[in-house]
Amino acid sequence: MSDQPLLEVKDLKVSFHTYAGQVQAVRGLSFSLSAGETLAVVGESGCGKSVSAKALMGLLSCPPCEIKPASQILYQGKNVLQFQEAEWSAFRGKECSMIFQDALAALNPTLAVGRQIEENLIVHHLASRSAARKKAVEMLALVGIPQPERRARQYPHQFSGGMRQRVMIAIALACDPKILIADEPTTALDVTIQAQIIDLIKALQGKLNTAVLLITHDLGVVADIAHRILVVYAGRIVEQGSRDEIFYSHRHPYTWSLLRSVPRLDLTQKEELVSIEGTPPDLIDPPAGCPFAGRCRWCMEICREEEPPEVQFSPGHSCRCWLHHPDAPDWQTPFQRGDGVLC
Amino acid sequence: MLEPKELSLEVTELKKYFRVGGGTLKAVDGVSFSIARGETLGLVGESGCGKTTCGRTCVGLYPKTAGQVRYRGQDVHRLRGSARKAFTKQVQTIFQDPYASLDPRLTVTDIIAEGIKNHNLCPGAKERRERVFDLLEQVGLNREHASRYIHEFSGGQRQRIGIARALAVDPEFIMCDEPISALDVSIQAQIVNLLIRLQRERDLTYLFIAHDLSMVKHISDRIAVMYLGVMVELTSSEELYTHPAHPYTKALLSAIPIPDPKVEERRVRTVLEGDVPSPINPPQGCRFCGRCAMATDRCAQERPQLREISPGHLAACHLI
């Protein structure tokens, strides 16, 4: 891992203009990603995780979407948000590529899968047509598709769900991108197939030193593959840290409830699941204070009025919650509290 | 279970075939199990293994091809007239997709009260409305929601309306067909806790179909594992997770990631190769034979029968 991060996102804000008003989907996201690292973005649907990924790839159509002018996405020092169309084309697929959740919708049904892999190589002038064809077959073999020569001539509908997802990975990795964005890559798949895909992403990452931005809501997958984790709620990062920090010494009530809302397969006693009552806030008119205040068991008066500051616990581990403020009442909570440095 | 309990649902050698272009799709091919009153039986398996078809055939939504389903002694597929109507009151379903299974042109009151009206459970319109309000409160919604339409609700709220609709006729048995898989993690816990609470309060019997094994383990007393139309293992949920017998169950369990990095690092995983084969003309012998690491010649020839390997633990494999 080099010191200079490959990708740096600074204060990303994305809104959508709708008839009902402006939906503030992403409200100030900042993070960085280094080569060879897996960063997991965890959150519920509607928290803005997919929108941020699409913003990184320049896939949001503006309007109705608006990326606020102060937002910066720096890839090797260049702000991608100021890219012209030609620069985007050179960036997408070659430097940074994406695996989508629904492979059937993302693949072109009228082209053989081999052609779809070749397309990427040819567009980026990385190979001649015949070399691209060879490479496409190699890629299919790399992602574990049996009989790759024959399969390359088949169409997406002739593949099963897991196989289609492998094809998508093959397309995404054909040009050796430096960043791979995986937007819920296994959500639609069965667990046995999910295990295959996760192992594949891990193995390929080791081989190609790709930085992976994994977007998911499945904490089990995250425990297996992530190095660092961002917990996102209502368009904001509520907690971030290394995998072990998030799993074993989390500081935010939302992270705590999220981890306890899923039953553990390896535990025998049946304890009641922690359910987070209510629903996430409406982002057309986001609450003034902490976005989680309405669903939080330890909500205080200040939580509804003022946004909590970021509190740092170790380099890389920080959280936004008023409970860590020195003046907060001395309540017993099931997660660790206090002793952080206010930023 | 120490005392013999009254049986609610009894399924013997149930088969359900569909005629498709390429031949016969054997979605359910000889499945037998029973559910005692007040019990939750979890039915798990990968997509396409026939678990939804099995559930739907059990509650009479599909005609059967062969075999028998008895609900409290009566053959579900032979019920006619008033007996059939009584059955539809006792047995209800919660569907996977609350977006597709609730009528968008009806208000919440109409949706929930439909069953009450059909079964004439509440003669007066005013009492009926009170009952709807009561049901909404039981599932954690409130009376202001009663006059709204389905599109005005979030996924979790819609699933709650689906549950209220099922509860409206005071059923004894509910077939839950993947009630939580379309929902967010934090909402899943809400719905599962609600289902567990309702079962305790009303002595309900559940057939709980899902592919999420950790959730199924949490809610079920016993679990049946299906693979390609047949049942490969059936036992109590503790036993299944502590001593899985069938190689498929073992692989399925090891594929589930555990949200704990330290546990996850120590685990040894058996990753299954390939996909589930097509249920059109499935393998002759053991259905799992093509993906099983330990398969022998016998597995390819002869179909293993479900047999008791220890008290209350059934498995279908030649190697046990």
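The centres of domain 1 and domain 2 of chain A, taken over C-alpha atoms, are separated by 30 Å. The model is a predicted one. Domain 1 of chain A covers residues 5-226. Domain 2 of chain A covers residues 246-342.

How do these two domains meet? Twelve residues of domain 1 of chain A are in contact with eight residues of domain 2 of chain A. On the domain 1 side, β2 (21-33) and α9 of chain A each give at least two residues. The largest share of that side comes from β2(A), with six residues. By class, the domain 1 side that touches domain 2 of chain A holds six nonpolar residues. Four polar and two charged residues complete the domain 1 side.

Now turn to the contact between the chains. Chain A brings 37 residues to this contact, and chain B brings 34 residues. Which helices of chain A each supply at least two residues of the side that touches chain B? They are α8 (191-208), α9 (219-225), α10 (243-248) and α11 (253-260). Of the side of chain A that touches chain B, α8(A) gives the largest share, six residues. The classes on this side of chain A are 14 nonpolar, 13 polar and ten charged residues.

In chain A, α9 supplies at least two residues to the side of domain 1 that touches domain 2. The helix α9 of chain A also supplies at least two residues to the side that touches chain B.

Terms used
Residues numbered from 1 in each chain as written. Chains lettered and ligands numbered in written order. Predicted model: local features only at pLDDT ≥ 70, side-chain atom pairs only at ≥ 80, totals over all residues. Contact = placed C-beta atoms within 7 Å. Helix = DSSP H or I, 4+ residues; strand = E, 2+ residues; numbered from the N terminus. Nonpolar A, V, L, I, M, F, W, Y, C, P; charged D, E, K, R; others polar. Domains from an automatic or database assignment.
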